Amino acid sequence: MADAPLSHPLGAAASDEDAPLYAPRKQIYPQAVKGRYRTIKWVVLAITLGIYYFLPFIRWDRGPNAPDQAILVDLANGRFYFFFIEIWPQEVYYLTGLLVLAALALFLMNAVAGRVWCGYLCPQTVWTDLFYAVERWIEGDRRDRMRKDQQKLTLKTAGQKGLKHFIWLMIAWWTGGAWVLYFADAPTLVYDLATLQAPLVAYVWIGILTFTTYTLAGFMREQVCTYMCPWPRIQAALTDEYALNVTYRYDRGEPRGSVKKNEVLKLQGLPAGDCIDCNQCVNVCPTGVDIRKGLQLDCIQCGLCMDACDNVMDKIGRPQGLIAYDTDMNVQARMEGRPEVRRIVRPRTLFYAGIIALVGAIMITSLALRQNIYLTVMHDRNPLFVRLSDGSIRNGFTIRVANKHLDERRYALVIEGLPEAKIDIVGGEVDQQGRAIVTVGPDQTLEARVLVTDTASAASPSTDLEFILTDLSSGDTAATSDHFRAP
Amino acid sequence: MAQETHNGAHEQVDAVTGVTTTGHTWDDIQELNNPLPRWWLWTFYLTIAWSVLYAIAYPAIPMVSSYTKGVLGWQSREAVEVDLAELKQQRSGMTAKLAASSLDEIKQDPEMFAFARAQGKASFGDNCAPCHGAGGAGAKGYPNLNDDDWLWGGSLAQVEHTIRYGARSTSDKGHSGTMPAFGRDGMLKREEISHVADYVRSLSGLPTDKTADLNAGANVYADNCAACHGDKGQGMQDLGAPNLSDKIWLFGSDKATIVEGLNNGRGGVMPTWHGRLDDTTIKALTLYVHSLGGDQRP
């Protein structure tokens with residue numbers, strides 16, 4: 001043990017050089033379990049699924065010119081609504097920021113308590129858990145299901161299986177149905193879906209998500225986590241020895257033995273552990289691993305083995321926590337009589353928390369300070385300039401003004417850099433002060449053509465030009481620069 | 001275990017998997033002779049069957065002067081026509097609005113104006129750009145549509161008339177009026193042409209030779225040119241006679257070019273588009289061209 005601190009006494013598989021690398025999947029029949037972590041999982045399941053299924057129905061009043069759905073991805077109009085925030089396509093970096101935050105939160109969770117995401121929050125886990133619950137409810141617990149699968153199919157078991165698949169499909173269908181509601185007005189779409197008037201694309205997406213939910217949660221299950229998901233690999237590379245993990249405390253558990261035999265051994269002063277080898281931890285595991293073999297890739301750390309073991313320990317009158325959130329380092333320390341080390345606050349967690357705070361602060365600041373008007377200017381490529389009959393030079397520009405307000409606004413455009421230049425606009429008007437005035441509808445953009453004429457005929461082939469747009473009702477300005485070309 | 005295979009390699013059976021090998025070995029790694037997965041194989045057969053059916057149903061095999069048409073009679077050209085008809089249908093609401101509105105009404109309506117300009121720009125690229133350039137910047141002899149000098153007038157109605165019926169075109173409603181070939185047809189002598197060319201340059205403030213006889217040129221101008229180009233060279237839109245006193249020169253402002261014009265005459269042709277483009281397209285083109293710089297100064 002001392003020379004190989006992280007290897008596990010029982011973990012070493014019989015290594016055979018010629019052993020095949022392929023192992024067929026073993027059907028897993030997780031047993032029902034009650035306990036602290038199971039309750040947490042039920043609560044998380046109810047909250048996450050509740051959010052997913054019902055969020056599109058929450059209303060949020062934005063006035064007459066915008067939809068009143070709290071969360072809406074309006075693909076047709078290129079808008080994303082999130083409660084009080086409205087995001088335009090060119091602001092997609094907010095989504096990037098959100099993804100960065102999500103990744104960092106995942107890293108922080110991992111640094112504190114390992115695969116919390118996998119065990120409690122991941123959709124694959126949540127939906128698989130739900131599907132297992134349905135399976136258990138209809139076909140019975142572990143032993144019943146194993147027995148039924150081994151026996152010949154009877155009318156009753158076939159009926160049960162049919163019912164199970166029907167309910168699975170209903171859940172899967174509802175999952176796809178809820179998905180499309182995020183992309184259109186939810187109550188209207190529900191009505192249209194029910195009366196078969198919804199657009200084909202809605203039905204297609206419901207079909208796709210019904211299929212994926214049904215296959216991923218009903219059939220592929222733990223294989224998604226073990227073979228398809230990249231996170232276990234990344235997680236293994238990101239974790240450190242301080243991160244809490246669902247750990248079998250083999251310092252206390254080994255050597256295993258029956259209750260009575262180990263009592264006798266203990267009385268005799270011989271080594272005897274608390275693990276009675278009842279296999280309950282393996283039976284409840286949704287990925288079919290044996291936690292007593294130590295930290296392993298297939299383990300999603302859902303905590304159900306802790307519940308199962310605690311229940312057994314209660315029954316035989318031994319203290320709970322033979323399997324608990326702990327670290328291999330501490331197991332090792334206890335075996336060698338050293339003090340335990342628990343460090344939630346350490347450079348790694350502080351670093352993650354720090355970047356989360358930083359990215360969050362940047363996003364909130366940029367969101368708070370973001371402009372509700374945009375101005376882009378594009379110089380004509382052909383011709384670069386035009387000579388007019390009086391010899392003055394004119395440049396054409398295409399401007400686009402974006403009005404993110406939910407009411408119609410009037411804007412005034414002026415230029416700086418050419419004192420003698422006149423501005424004219426096609427698709428707007430010029431007021432008495434020589435400003436180009438454009439009117440842009442609520443939540444819209446407007447393209448107009450701006451003609452800048454330099455009566456003093458600038459000598460320089462290229463003069464810097466500043467376009468300044470002012471919101472006539474609020475006084476907000478937006479500016480962008482371009483050039484004035486001359487021969 | 002070794003067996004002689006057809007190519008002489010030794011076929012072996014892999015001890016772990018019990019699968020025969022192909023006899024190929026690279027860096028001591030043996031290639032197992034596993035069969036293709038069945039689903040893969042059947043998909044492969046299915047694609048073969050599909051290709052045969054496809055070749056029967058659709059145009060497929062090139063022949064000497066033609067190709068097999070396929071029993072379904074499908075044609076890519078027809079598919080494009082269907083797509084175009086669909087597009088036309090999609091735009092029909094706006095197209096109908098454009099057709100029913102006057103040019104001024106369209107210009108006042110931001111939505112219609114934007115639609116017309118976009119449609120006009122596309123149509124300009126298809127029909128006008130070869131002569132006037134992609135951005136309407138023109139070329140020698142082909143007017144720049146971005147400036148404020150309009151031979152036949154720059155108002156919406158005038159631009160539309162010019163697009164519709166052209167200038168010196170085959171349409172009898174088109175603009176007419178040509179610059180005569182004063183030199184070639186013997187109306188002016190060589191030195192008279194030289195004098196008047198100098199005088200014309202002076203009208204727009206261009207420098208002339210010290211030896212130039214501007215008074216003689218002015219006399220020649222008054223007798224021969226002023227009728228169309230105006231007594232001060234201000235031009236006349238009815239005849240498409242260019243303004244000679246401004247800074248814009250369709251063919252060039254150097255003396256040789258002016259002399260060439262006086263000798264051989266000028267008369268660029270703008271074709272008639274009436275009957276070749278539909279009314280809405282002409283309207284859209286008018287609004288687009290006008291938005292480039294029309295209506296500034298006559």
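Student: Where in chain A is the place of A:Pro383, and between which elements?

Tutor: A:Pro383 sits in the loop that runs between β6 (373–379) and β7 (386–387) of chain A, and please keep in mind as we go on that this is a predicted model.

Student: What kind of peptide bond joins A:Asn382 and A:Pro383, and what is its omega?

Tutor: As a general idea, most peptide bonds are trans, and most residues other than glycine have a negative phi. The bond that joins A:Asn382 and A:Pro383 is cis, with an omega of about -5°. Another cis bond leads from A:Glu254 to A:Pro255, where omega is near -10°, and A:Pro255 is placed in the loop between α11 (250–253) and α12 (259–267) of chain A.

Student: What is the phi of A:Phe83, and where is the place of this residue?

Tutor: A:Phe83 is not a glycine, yet its phi is positive, at about 45°. The residue belongs to the loop between β2 (79–82) and β3 (85–87) of chain A.

Student: How should I read the packing of two helices, and at what angle do the axes of α6 and α8 of chain A cross?

Tutor: Two packed helices are described by the angle between their axes and the distance between the axes. Here the axes of helix α6 (residues 155–181) and helix α8 (residues 200–220) of chain A come within 7 Å and cross at roughly 135°, and α6(A) and α8(A) are therefore oblique to each other. The crossing in which α6(A) passes α8(A) is right-handed. Among the residues that make the contact are A:Trp168, A:Trp173 and A:Trp179 of α6(A), together with A:Trp205, A:Ile208 and A:Tyr214 of α8(A). By class, the residues of this contact comprise twelve nonpolar, seven polar and no charged.

Student: At what angle does helix α4 of chain A pack with α8(A)?

Tutor: Helix α4 (residues 123–139) of chain A packs with α8(A) at an angle of about 75°, and their axes are 8 Å apart; α4(A) and α8(A) are therefore roughly perpendicular to each other. On the side of α4(A) the contact is made by A:Gln124, A:Trp127, A:Thr128 and A:Phe131, and on the side of α8(A) by A:Thr213, A:Leu216, A:Ala217 and A:Gly218. The contact of α4(A) with α8(A) has four nonpolar, four polar and no charged residues.

Student: How many residues does the contact take from chain B and from chain A?

Tutor: It takes 22 residues from chain B and 18 residues from chain A. On the side of chain B that touches chain A, the elements giving two or more residues are α4 (110–127) and α11 (279–293) of chain B, and α4(B) provides the largest share, three residues. That side of chain B divides into eight nonpolar, eight polar and six charged residues.

Student: Which residues of chain A does UniProt list for "transmembrane region", and which residues of chain B does the annotation cover?

Tutor: For chain A, the unreviewed UniProt entry lists residues 39–58, 92–113, 166–184, 196–217 and 350–369. In the model, residues 39–58 of chain A are 80% helix and 0% strand, with end C-alpha atoms 27 Å apart, while residues 196–217 of chain A are 82% helix and 0% strand, with end C-alpha atoms 28 Å apart. For chain B, the annotation, also from an unreviewed UniProt entry, covers residues 39–61, and over this span the chain is 83% helix and 0% strand, its end C-alpha atoms lying 30 Å apart.

Student: Where in chain B does UniProt place the feature "domain: Cytochrome c"?

Tutor: The unreviewed UniProt entry places this feature at residues 115–204 and 212–293 of chain B. Residues 115–204 of chain B are 46% helix and 0% strand, and their end C-alpha atoms lie 40 Å apart; residues 212–293 of chain B are 49% helix and 0% strand, with end C-alpha atoms 37 Å apart.

Notes
Residues numbered from 1 in each chain as written. Chains lettered and ligands numbered in written order. Predicted model: local features only at pLDDT ≥ 70, side-chain atom pairs only at ≥ 80, totals over all residues. Axes fitted to C-alpha atoms, helices over the stretch in contact; angles between N-to-C directions. Helix = DSSP H or I, 4+ residues; strand = E, 2+ residues; numbered from the N terminus. Parallel < 35°, antiparallel > 145°, perpendicular 65-115°, else oblique. Left-handed = near helix turned anticlockwise from the far one by under 90°. Contact = placed C-beta atoms within 7 Å. Nonpolar A, V, L, I, M, F, W, Y, C, P; charged D, E, K, R; others polar. UniProt positions renumbered as here; feature names shortened; annotations may be inferred.
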